[in-house]
Amino acid sequence: MKIIRKECNHCGTPYRHTLSGHINNPELNDDSHCHECMGVILKALDSIPKKFDYRHIKTDEVSVEELLAAKNALPKTLDGMPVPRRCFPELYNLNTGEWTKTQQIPYNGTKYILCEVTKGIFTITKRVLWDIVNDKEHHG
Ligand SMILES: [Zn+2]
């Protein structure tokens, strides 16, 4: 646990900021505001509901073949190894005895999640900014 001394950007009070997260009050552990000021900020923000969030939605705007081709076209390192990408743990299906394989593939500026649920059966999802108020994907 690394703790650094800081001064609050608002009131100037010296305080201790825990880089790995505060154990007792993680929401008050801020790198620019003391615990007292952060408490006031959080209380004020409670009156404003969250309006946007990120979600993964299923999409058919790209095919499995396109994504697999894009995966094969990803840049390689000088020694021919694939450039490191985000990886996901494989899940074992007790009923079918198969492993679910999930990978993130960038294609045309979007990061798609290609999941092989069972042999030859794929789902494709993408991360989008979701408009919670209107319950739809946010564009723009
Ligand atoms: Zn303060």
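Analyst: A residue is called buried if 20 or more other C-beta atoms lie within 10 Å of its own, exposed if 12 or fewer, and partly exposed in between, with C-beta atoms placed from the backbone. This is a predicted model, in which local features need pLDDT of at least 70 and side-chain atom pairs count only at pLDDT 80 or more, while totals for chains, interfaces and linings use all residues. Residues are numbered from 1 along each chain as its sequence is written.

User: Why does Tyr112 count as buried?

Analyst: Tyr112 is found in strand β6, residues 110–118, where strands (E, at least two residues) and helices (H or I, at least four) are DSSP runs numbered from the N terminus. Not counting residues up to four places away in sequence, Tyr112 touches Val62, Leu67, Ile105, Tyr107, Ile124 and Lys126, a contact being two C-beta atoms, placed from the backbone, within 7 Å. Tyr112 counts as buried because its C-beta neighbours inside 10 Å number 23.

User: How far apart do the C-alpha centres of domain 1 and domain 2 lie?

Analyst: The protein is divided into domain 1 (3–45) and domain 2 (52–137), with bounds that come from an automatic or database domain assignment. The distance between their C-alpha centres is 37 Å.
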